[in-house]
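Hello,

Please take over the structure below. My notes on it follow.

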Amino acid sequence: MPSVLSFSSPLNHSSLCGFSGDRFTLAVKNVSAAAAAEQLGVTLISDEENIAGVEIPDTAHQISTDSWFQVGFVLTTGINSAYVLGYSGTIMVPLGWVWGVIGLILATAISLYANSLIARLHEYGGTRHIRYRDLAGFIYGRKAYSLTWTLQYVNLFMINVGYIILAGSALKAAYVLFRNDDGMKLPYFIAIAGLVCAMFAICIPHLSALGTWLGFSTVLSLVYIVIAFVLSIKDGIKSPPRDYSIAGTPTSKIFTTIGASANLVFAYNTGMLPEIQATIKQPVVKNMMKALYFQFTVGVLPLYMVTFGGYWAYGSSTPTYLMAGVNGPVWAKAMANIAAFLQSVIALHIFASPMYEYLDTKHGIKGSALAFKNLSFRIMVRGGYLAINTFVSAVLPFLGDFMSLTGAISTFPLTFILANHMYLVAQKNKLTSIQKLWHWINICFFAIMSAAATVAALRLIALDSKTYHPFADI
């Protein structure tokens with residue numbers, strides 16, 4: 001464990017005692033010490049953490065700075081992103097009323113349970129596990145560290161691809177309200193969305209710096225959710241009885257149902273809970289549980305509202321992007337689409353932040369965000385990373401398929417399989433036989449679901465690839 005450095009006066013040479021290597025812990029007791037520590041690029045923690053003897057891994061980003069309420073809004077921003085405008089079509093249409101409602105409620109409960117398992121392991125073994133891969137590596141070893149790193153960044157990469165597709169689709173939907181011509185196609189809007197996302201990533205150095213932007217994100221989410229819900233209800237009242245039957249052959253129904261199950265878990269889970277929990281103030285487990293309870297109670301209500309309202313209004317003909325099917329004033333639809341576009345930019349930054357943290361820490365990007373080295377690094381590296389995301393988004397703009405594939409190959413393993421097994425390994429001496437059996441049932445069930453959902457998602461992508469060409473305007 002790194003040595004601890006404590007002081008109560010401005011930092012000077014005599015204060016520097018007993019640290020070794022490139023990683024150490026610093027207990028900070030006043031502002032001048034914190035400022036000096038930031039210049040040195042050390043990790044800042046509170047006295048409470050120091051007394052607890054919790055080791056903090058080296059990171060270029062801020063940790064232990066946010067309240068549970070702010071972290072709760074980060075989590076709620078993720079689940080109420082503009083993706084919610086697709087759940088009526090990608091979850092309810094394949095599942096129908098009965099299984100759709102049951103599925104969403106069950107997914108809420110099991111997602112809260114799985115995330116709480118991960119949250120409780122955040123300080124396991126006397127170490128603050130600020131990254132998912134750190135926790136897996138601590139419990140299993142180096143191979144698991146690498147495997148988890150791969151799974152997580154595949155997961156986040158595909159989520160980011162989905163957000164850029166979503167932002168581009170929202171921008172196009174706003175455009176066609178005023179000019180319904182072939183002058184601008186979806187790939188062009190995706191390129192614009194990618195550029196805006198890159199500009200935002202360059203301006204916001206780390207996750208904790210979102211601050212006020214989370215407030216804007218909440219307002220933007222309410223704008224498109226309320227408008228989509230109200231316009232859908234108006235359409236539903238005026239429309240004749242809808243058809244809620246599940247279309248397709250028996251074989252296709254099986255695949256679409258499995259794909260929808262992947263969308264269910266995708267809707268609620270980030271795949272980066274330790275990274276989000278790293279920003280929360282002490283006590284980290286207690287505060288994180290408060291944030292999770294906020295996310296899975298108050299936070300899910302807007303998602304339920306727009307998902308059920310959209311399906312009620314349009315039935316089996318509900319589009320995969322709800323705003324594409326609603327009728328109403330042009331100004332209202334334009335406002336909702338622009339809000340969805342802007343909120344997607346903010347939400348993408350949350351899911352891209354683990355990659356940014358990895359790159360910044362690896363290359364020693366610390367100190368002032370406006371320093372020439374730091375600013376130029378963000379322009380080149382973050383801009384390059386999002387350029388790759390944008391290119392993939394434009395080549396394969398199949399939003400629903402990416403949601404299914406992301407849930408299948410990464411959300412299932414990270415959030416459900418790995419969470420249950422890590423908790424089982426970490427707490428094996430404290431669990432009863434019944435509790436161990438329960439975790440093994442979860443592990444086996446979600447492993448089967450992950451494999452089946454991966455096959456279903458790849459089938460959907462293969463079918464859509466035959467229907468649409470690369471850089472399709474859909």
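How many residues does helix α13 have, and how far does α13 reach from its first C-alpha to its last? Helix α13 covers residues 330-362, which makes 33 residues, and reaches 48 Å. That is close to the 48 Å expected at 1.5 Å a residue. Keep in mind that this is a predicted model.

Helix α13 has a kink. The kink is about 50° and lies at Ala-352, shortly before the proline Pro-354. Most of α13 is covered, with 26 of its 33 residues buried. After the helix comes Gly-364, with a positive phi near 65°.

Next, the core. The largest nonpolar core holds 117 residues. Helix α13 gives the largest share of this core, 15 residues. Leu-85, Tyr-224 and Tyr-268 have the most contacts inside the core.

Leaving aside residues up to four places away in sequence, Tyr-268 touches several residues, among them Ile-79, Leu-104, Phe-296 and Tyr-304.

Helix α3 spans residues 68-79, twelve residues in total. Its reach is 17 Å from first C-alpha to last, close to the 16 Å expected.

Last, the cysteines. The structure holds zero disulfides. Cys-203 counts as exposed because its relative accessibility is 58%, over the 50% cut-off. Cys-444 is partly exposed, at 44%.

Best wishes

Notes:
Residues are numbered from 1 along each chain as its sequence is written. This is a predicted model: local features need pLDDT of at least 70, side-chain atom pairs count only at pLDDT 80 or more; totals for chains, interfaces and linings use all residues. Side-chain values use heavy atoms; hydrogens and water are left out. Helices (H or I, at least four residues) and strands (E, at least two) are DSSP runs, numbered from the N terminus. The expected span of a helix is 1.5 Å times one less than its number of residues. The bend at a residue is the angle between axes fitted to the seven residues ending there and the seven starting there. Buried means under 20% relative accessible area, exposed over 50%, partly exposed in between (1.4 Å probe, protein chains only). A disulfide is a pair of cysteine sulfur atoms within 2.5 Å. A nonpolar core is a set of buried Ala, Val, Leu, Ile, Met, Phe, Trp, Tyr and Cys residues joined through side-chain atoms within 4.5 Å. Contact means heavy atoms within 4.5 Å.
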